[in-house]
Amino acid sequence: MSNPQTTEARSARANYPILQNKQIADGIFELMLEAPEMAAGATPGQFVNLYLPGGMLLLPRPVSIADADRAEGSVTLAYAVVGAGTQALSALPEGGVLDALGPLGVGFFDYAGSPLEKGGSSGEEATQSVFLVGGGAGIPPLRFAARRLREQLGDAVRIRAFLGFRGAPWYLREFEAFCDEGRCGSETPGAAPFHGNVVDLLKSELENDPFASFLLNRKTVSPRHSPLVLACGPRPMLAALSGFCAEQGFPLRVSLEERMGCGYGACASCTCRMRGVDRPTEGPGPSEPGGIVKKKVCAHGPVFWGEEVVW
């Protein structure tokens, strides 16, 4: 199981002042809330439920946390405008307030023995390198992960970002602030240095990197050299990445983008099939080895081990 601290103990629903709500790329908006307690309790990979004013839509809109600044007491959320709910969200003015609940869910580092766990055994020895692999609207939570890794591990960790965009790249400056290296690709020719999907970008980079190429296609990679891979993006991208990491023996944490109802485990609209793994994880375990169980993405995730997900 993961850390015993529950999301219920850290989350609170309230009206939060809107510090910023602006478009940062084509169809992508950034929302910043003044929320000191939320910022203090948030971990990378978690999300926030946003409730539109006046009961505009029945269900909340879950949005990943792109940053949490404890010193300023602010939480930054980035979202894509894809429907009526997010369209209405994008029209909310700065200086207003927004009903929100968070932080919610299990994040990238919310498990026993994670590199950021105090006193954990994996911090100095096992996590020499972290790969951040993101696609489209899945990129924002990786920005938060980069910040927290750098803040807590300093120069002891090498952070490399591999980001995929459909059009022109965005958030690159924010990643540059915390990452040692970064590559970006795009499905649009000419929009980024690499034309293709982000998994191909990762493979290409590793094959041409003298430091990393020796890791590829080895049956056993020592924990000291094996990178921890954190990923968020479209399900096909995550499935392909999971297969690649399984072949290479790279531990992989994936954040699933599933349609949610309540956002905190009261309903079962976001259940996904999972298999048992020999790693610390949230939620029910299978009744027998190799068995399959259903877990709620909102409560037991949204972050899971790559080999845990039945793709």
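**A chat about a barrel and its salt bridges**

Biologist: Which side chains do D69 and R147 bring together, and how do they meet?
Modeller: In this predicted model, the side chains of D69 and R147 meet in a salt bridge, 4.0 Å from N to O. D69 sits in strand β4 and R147 in helix α5, so the pair ties together parts that are 78 residues apart in sequence.

Biologist: Is D69 buried or exposed? And what about R147, buried or exposed?
Modeller: D69 is buried, with a relative accessible area of 15%. R147 is buried too, and its relative accessible area is 15%.

Biologist: Which residues are linked with them in a network of salt bridges?
Modeller: Along with D69 and R147, the network takes in E30, D67, R143, R148 and E151.

Biologist: Nice. Where does helix α5 pack, and which strands does it touch?
Modeller: Helix α5, residues 140-153, packs on the sheet and touches β2, β4 (61-69) and β5 (74-80). Its direction makes about 25° with that of β4.

Biologist: And in what order do the strands close into a barrel?
Modeller: The six strands go β1-β2-β5-β4-β3-β6, with antiparallel pairing. From one strand to the next, the twist averages 45°.

Biologist: Switching topic: where is P60 found, and what does it touch?
Modeller: P60 is in the loop between β3 (47-51) and β4. Leaving aside residues up to four places away in sequence, P60 touches N49, L50, Y51, G261 and C262. P60 is buried, at 8% relative accessible area.

Biologist: Back to salt bridges. How many does the count come to?
Modeller: The count comes to 15 salt bridges. One of them joins E181 to R160, with the closest N and O atoms 3.7 Å apart. That pair links distant parts of the chain, with E181 in strand β9 (residues 181-186) and R160 in strand β8 (residues 158-165), 21 residues apart.

Biologist: What does R183 form a salt bridge with?
Modeller: R183 forms one with E205, and their closest N and O atoms are 2.6 Å apart. R183 is in strand β9 and E205 in helix α7 (residues 198-207), 22 residues apart. R183 counts as partly exposed at 27% relative accessibility, and E205 is buried at 15% relative accessible area.

How values were computed:
Residues are numbered from 1 along each chain as its sequence is written. This is a predicted model: local features need pLDDT of at least 70, side-chain atom pairs count only at pLDDT 80 or more; totals for chains, interfaces and linings use all residues. Side-chain values use heavy atoms; hydrogens and water are left out. Two strands pair if DSSP finds at least two bridges between them. Helices (H or I, at least four residues) and strands (E, at least two) are DSSP runs, numbered from the N terminus. Axes are lines fitted to C-alpha atoms, for helices over the stretch in contact, and angles run from 0 to 180 degrees between N-to-C directions. Contact means heavy atoms within 4.5 Å. Buried means under 20% relative accessible area, exposed over 50%, partly exposed in between (1.4 Å probe, protein chains only).
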